[in-house]
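Colleague: I would like to learn how to read the domains and contacts of a model. Can we go through one step by step?

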Amino acid sequence: MSIASIISQDITKVTNITFNKTGLNAREQLIINAFENEAWLNNLPDKTNKVVEQKCIKVDRDLLFQVLMVEQISISKTAQIDDYNIKLDPKNQKVDRLRANGTAISNDVSKYKVITQLDMEDSDNFSNGANNNTNLSNNSLNNRKNTVYKITLQAKSGDIFFAINTSPLAWVSCMLGSKLIIKAGTLFNRGVFVLQESSVVFLGGINRQWNDNKETKLCAYLKAKLDQEHKANINLKGSRKRKAVQ
Amino acid sequence: MRVLCVAEKNSIAKAVSQILGGGSSIARDSGYMYVKNYDFNFSGFPFADSRDCQVTMTSVAGHLTGVDFANERYGWGKCAIHELFDAPLSQTLDKNQKKIADNIKREARNADALMIWTDCDREGEYIGWEILIEAKKGNGSLNESNIYRAVFSHLERSHILHAARNPKRLDMNSVHAVGTRMEIDLRAGVSFTRLLTETMKPKICPPAVGPNRNKKKENIVISYGTCQFPTLGFVVDRFERIRNFIPEEFWYIQLQIANPDPNITTTTPFQWEKGHLFDRLSVLTFYELCIETAGNKAKVIDLKSKPTSKYRPLPLTTVELQKNCARFLKINAKQSLDAAEKLYQKGFLSYPRTETDIFPKTMDLKKLVEKQAQLDQTNSSNRSPWADYAKNLLSDNIEGHSQFQTPRAGTHDDKAHPPIHPIIALGEHATITPVERRVYEYVVRHFLACCSEDGKGTSTTLILDWAGEKFTATGIVVLQRNFLDVYPWAKWETTKQLPRLEMNQLADIVTAEMRSGSTSPPKPMTESELIMLMDANGIGTDATIAEHIEKIQARNYIRPEKVGKESYLQPTTLGIALVHGFEEMGLEDSFAKPFQRREMEEDLKKICDGIKTRQEVTSNIVTKYRNYYRRTNTSKNKLLEVYDRVKNTII
């Protein structure tokens with residue numbers, strides 16, 4: 001079994017492998033150690049409940065994970081769905097808004113490009129909210145360094161954790177199924193690893209099936225999540241009201 | 001030598017003849033009530049070697065001719081609609097246009113030269129060509145060598161004299177571009193209007209019988225226009241965005257910092273650099289980690305004070321004028337443009353249709369400011385409220401520098417007209433309407449603001465580090481208001497003082513809170529926003545944007561809705577149904593979205609630049625419309641289905 005096979009496949013399906021550890025370079029050594037290390041919080045009794053009680057602990061060994069999902073959480077789902085729709089179906093994009101940053105539009109068919117850049121500076125100077133941007137990203141160019149991603153990670157044991165970044169991560173627009181090592185010393189809080197560039201060794205890799213039509217799937221995922229949250233909110237409000245009546 | 005001059009409107013003819021004739025022009029009737037012929041002598045034309053010429057100055061009243069299908073053969077119900085895509089076009093003249101045309105023919109009869117004084121834009125160029133055709137009918141000796149074009153953009157005396165002394169030629173490319181636009185608009189407009197009306201009218205107002213028949217309702221027309229539909233599309237898209245809006249919860253962290261000065265008890269909020277995050281667990285993670293690792297102390301890691309400015313506005317374009325009149329003065333786009341037009345005709349303002357936001361270097365702006373200072377008015381009650389500001393602008397400041405500033409330069413230049421600016425001061429007894437007075441005041445204040453210094457102030461930014469997370473507060477102290485004194489619509493105020501902290505100091509956090517909020521839907525479309533969208537997407541020209549908005553209101557596709565002080569535009573059932581109907585037929589990008597129209601606009605520009613020919617562009621676009629027509633005609637029941645659906649779901 002080679003190191004390539006760890007990187008190129010679903011690690012939950014890698015079983016019973018032994019490595020010939022002679023003659024490995026430092027990086028290879030690192031990968032194998034991380035792979036072989038005991039899975040994170042593996043021996044907690046009643047895992048799901050206990051994991052969220054683990055407050056502010058430091059990871060004591062290198063851990064290998066695969067990336068299941070990367071979600072931008074600095075931008076509303078609505079705005080992200082809008083952006084996907086523009087890419088996936090430019091003819092039907094909503095045209096009722098000036099886009100202050102050209103980043104929202106990235107299609108090659110110039111015919112369907114809606115307004116490139118507008119000198120909004122002036123309008124902004126004088127406007128009292130004439131352009132209501134409540135829904136747009138707070139992720140303008142100079143703000144990009146503050147973008148936060150919520151990354152869903154899976155260990156070979158199948159256990160799933162979240163991770164967030166405190167500073168920009170160069171690899172964050174990676175393929176789903178990419179492998180990475182979270183290094184010892186990284187902070188962990190209630191199921192969430194807190195990452196920065198130096199706490200991660202990114203290994204790359206891809207799971208083809210997960211990445212097929214990725215944008216369409218991500219868009220559908222966001223829509224479903226938005227709907228779900230909406231319904232939950234309505235129910236919540238309903239129950240609150242009932243309580244008030246009682 | 002006899003010269004015939006023709007302007008686009010009587011008011012321009014009158015003003016120009018006053019200037020060229022040195023105040024001694026004589027008015028004659030033209031045979032049409034609103035047009036006069038002005039006779040005078042002028043000796044500045046270079047084509048007459050500056051010898052004395054007998055000049056007659058007359059005008060048209062907008063377009064001199066129309067384009068239409070011959071009614072007997074192609075009238076409503078007299079032909080199959082699809083024939084309209086190939087039907088021959090003919091020039092039409094209504095009763096008044098005939099009178100005006102006859103006058104031009106008559107006056108041209110003895111002329112040795114013709115000089116066109118229509119407005120200097122694409123449309124004006126075309127009207128010039130219409131005049132030329134009529135003039136030639138009256139006088140066969142008029143030809144390319146003795147037909148001239150005056151280039152001018154306002155009615156100030158020296159400018160008009162310069163235009164008369166430096167004639168150019170008509171730009172035939174622009175004429176062809178307008179011809180193309182008119183042909184396409186006519187063929188697409190008439191064919192789809194007939195199709196839509198015949199399809200949907202019985203649905204919208206079923207034929208009534210008996211004494212309660214409403215004649216007005218029976219005359220309903222469901223029109224199509226290549227600009228009307230995309231304009232409607234913007235409003236419907238916004239409506240749907242609001243209707244389908246789902247609020248989303250977000251979370252953020254906010255710190256309240258105490259002022260070390262014990263005399264100041266209020267705290268200052270510091271905002272998290274990461275802003276709002278749409279995931280509770282993630283924000284909780286940041287929050288807990290910060291509290292665990294740094295407790296209630298945050299360190300000052302950046303403290304910067306720097307000069308800052310509030311920029312004065314850019315020179316005024318038509319679209320900005322309409323937008324700002326709607327926003328600041330609550331005057332709608334059509335009213336404000338009409339008022340500006342009147343003010344131009346009366347000589348108070350420069351030509352109000354311009355895309356240019358940069359003043360030509362050669363323009364003497366100080367002189368214009370001087371006019372606004374009204375130095376000749378000794379009685380202060382006769383002076384405008386901004387006269388003292390203008391006067392002050394011409395003087396030096398304490399350091400001995402002139403307070404007058406060259407305006408900021410924008411990036412748009414239509415090469416025809418300078419930005420909108422006042423020409424002369426408005427006397428107290430000037431005969432203008434209240435709306436015109438307000439629009440005039442806006443233009444003057446905007447102009448004076450352009451010629452002023454930016455607002456000056458100091459901005460201080462304090463950045464705190466709380467366990468690696470950064471929190472910022474900014475304070476502004478306004479030092480010199482400058483242009484803000486004459487431009488009350490821009491707001492810039494001194495903010496609350498920041499706590500006195502020093503670099504590397506540990507600040508006490510009074511409260512650190514994890515807060516939540518939720519996104520709110522956008523506001524319905526306002527007219528000023530719609531103007532900006534149309535402009536940015538190339539729907540209509542600065543001159544026609546207002547008409548398109550009026551039109552879709554008149555057609556009952558949208559209606560204004562007043563909420564408090566703000567007036568919003570909401571689509572009607574019919575409007576929504578039309579947009580979705582075309583979407584369902586798969587024609588969204590050609591009808592309710594701006595794409596098709598913008599493509600055409602780009603083609604028209606190419607005709608102006610001589611890159612494409614009229615024929616090329618017309619045949620290409622008309623073929624497209626013929627195909628859209630075929631598709632719409634075969635699936636027109638969709639339109640009715642969608643109408644029913646919209647009616648049942650929305651109301």
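Colleague: Over residues 2-157 of chain B, what are the percentages of helix and strand, and how far apart are the end C-alpha atoms?

Modeller: Bear in mind that this is a predicted model. Over that stretch, chain B is 30% helix and 24% strand, with 22 Å between the end C-alpha atoms. An unreviewed UniProt entry annotates residues 2-157 of chain B as "domain: Toprim".

Colleague: Which domains does the domain assignment give for chain B?

Modeller: Domain 1 is 2-170 and domain 4 is 318-450. Domain 2 is made of 176-244 + 524-649, and domain 3 of 249-308 + 462-518.

Colleague: How do I read the interface of domain 2 and domain 4 of chain B, and what area do they bury between them?

Modeller: Interface size is often given as the accessible area that is lost when the parts come together. Here, domain 2 and domain 4 of chain B bury about 1200 Å² between them, and 66% of that is on carbon and sulfur atoms. On the domain 2 side, 42% of the area buried against domain 4 comes from S528(B), I531(B) and D542(B), more than from any other three residues. In terms of contacts, 12 residues of domain 2 of chain B touch 14 residues of domain 4 of chain B. The C-alpha centres of these two domains are 35 Å apart.

Colleague: How many salt bridges does the rule find across that interface?

Modeller: Side chains of opposite charge can pair when their charged atoms come close. The rule finds one salt bridge across the interface of domain 2 and domain 4 of chain B. E566(B) and K330(B) form a salt bridge through their side chains, at 3.8 Å from N to O.

Colleague: Which elements give two or more residues to the domain 2 side?

Modeller: They are α15 (527-536) and α16 (545-554) of chain B. α15(B) gives the most, with five residues. By type, the domain 2 side that touches domain 4 of chain B has five nonpolar residues, one polar and six charged.

How values were computed: Residues are numbered from 1 along each chain as its sequence is written. Chains are lettered from A and ligands numbered from 1 in the order in which they are written. This is a predicted model: local features need pLDDT of at least 70, side-chain atom pairs count only at pLDDT 80 or more; totals for chains, interfaces and linings use all residues. Side-chain values use heavy atoms; hydrogens and water are left out. UniProt positions are given in the numbering used here, feature names are shortened, and annotations may be inferred rather than shown by experiment. Helices (H or I, at least four residues) and strands (E, at least two) are DSSP runs, numbered from the N terminus. Domain bounds come from an automatic or database domain assignment. Contact means heavy atoms within 4.5 Å. Buried area is the accessible area (1.4 Å probe) that two parts lose on being put together, summed over both. A salt bridge is a side-chain nitrogen of Lys or Arg within 4 Å of a carboxyl oxygen of Asp or Glu. Ala, Val, Leu, Ile, Met, Phe, Trp, Tyr, Cys and Pro count as nonpolar, Asp, Glu, Lys and Arg as charged, and the others, Gly among them, as polar.
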